[in-house]
Amino acid sequence: MAVIVVGDLDRDAVVAMIKAHFSGLTNPTPQRPRPAFDVPERPGTRYTVVTDKEATTASVSISNLRPARRQDTVGGYRQIMMDQLFGDMLDARLDELTQQENPPFLRVTADRGLFGTPRTKDEAALEALVANDGVARGLEMLTAELQRVTRFGFTATELARAKQAMMLSYERSVTESPDRESASRADEYTRNFLQSEALPTIFQELAFHRRFMSGVTLAEMNTLDEQWFPPRTGW
């Protein structure tokens, strides 16, 4: 168990409260094992349709479970940074479609992150909010854009733009760090405890990005589509 407290408070008083309320707790003997349950690999494509007469919106998604990136190594941090760049570039392409006169999506996002359970897997996902009668068209356009990335890749201009935006975001986070919400810090500590996510400071994260960003090549980025959605998944 971990007790995480973040805020503008009297540290010594909080430590005393934690000790008073939790020091008497002990693990049972013998300690109960915590089994880990994995998700089995399944060939091909599986689908499900979920309906609810009270739903006010419709959405469509394509998702895939992949081996999890390392959360606790420098190499894993670089891979996760590249996933974020890939997702940002794909987001930008998909977002362009929402600017059309009759867009296939109302809102859309591309992301890859650690799956809740088990933590041995990442989930790569494309998700779109669509009109009530636009599920088929939305799915078709998600698939078409993903296939376009697989066949032709991204351009150097797209990568440069994504890199610049990411660096500006981290530089802004450093500037705004003193005003960061306590809940955001607590969430970060929680992920460190539950998921072994690395816990660098925002200043260290900016330094990591400055160190790695220039070395990320377009060729590397254009291999990530198969790491998110390998051809065998059948999309």
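Strand 2 and strand 3 are joined by a hairpin of six residues. The model is predicted: local features need pLDDT of at least 70, side-chain atom pairs count only at pLDDT 80 or more, and totals for chains, interfaces and linings use all residues. Residues are numbered from 1 along each chain as its sequence is written, and side-chain values use heavy atoms, leaving out hydrogens and water.

Helices (H or I, at least four residues) and strands (E, at least two) are DSSP runs, numbered from the N terminus. Two strands pair if DSSP finds at least two bridges between them. Strand 2 (residues 107-114) and strand 3 (residues 121-130) run antiparallel, with eight bridges between them. G113 has E123 in strand 3 as its bridge partner.

Now helix 6. Helix 6 covers residues 202-213, which is 12 residues. The expected span of a helix is 1.5 Å times one less than its number of residues. For helix 6 that gives 16 Å, and the end C-alpha atoms are 16 Å apart, which agrees.

Burial is judged by relative accessible area: buried is under 20%, exposed over 50%, partly exposed in between (1.4 Å probe, protein chains only). In helix 6, I202, E205, L206, H209, F212 and M213 are buried. Viewed down the axis of helix 6, these buried residues fall within an arc of 140°, so they line one face. The arc is taken from the directions from the helix axis to the C-beta atoms. An α-helix has 3.6 residues a turn, so residues three or four places apart point the same way. F203, R210 and R211 are exposed on the other side of helix 6.

What do the buried residues of helix 6 pack against? They pack against helix 2 (74-97), helix 4 (156-176) and helix 5 (182-195). Contact means heavy atoms within 4.5 Å. Across the contact with helix 2, V74, Y77, R78, M81, Q84 and L85 of helix 2 meet E205, F208, H209, R211, F212 and M213 of helix 6. The axes of helix 2 and helix 6 are 11 Å apart, at an angle of about 75°. That makes the two helices roughly perpendicular, a term for angles of 65 to 115 degrees.

| Site | Value | Loop |
|---|---|---|
| T29 to P30 | cis, omega near -5° | P30: between helix 1 (11-22) and strand 1 (58-67) |

Most residues other than glycine have a negative phi, and most peptide bonds are trans. S196 is partly exposed, with a relative accessible area of 43%.

How values were computed. Axes are lines fitted to C-alpha atoms, for helices over the stretch in contact, and angles run from 0 to 180 degrees between N-to-C directions. Angles under 35 degrees count as roughly parallel, over 145 as roughly antiparallel, 65 to 115 as roughly perpendicular and the rest as oblique.
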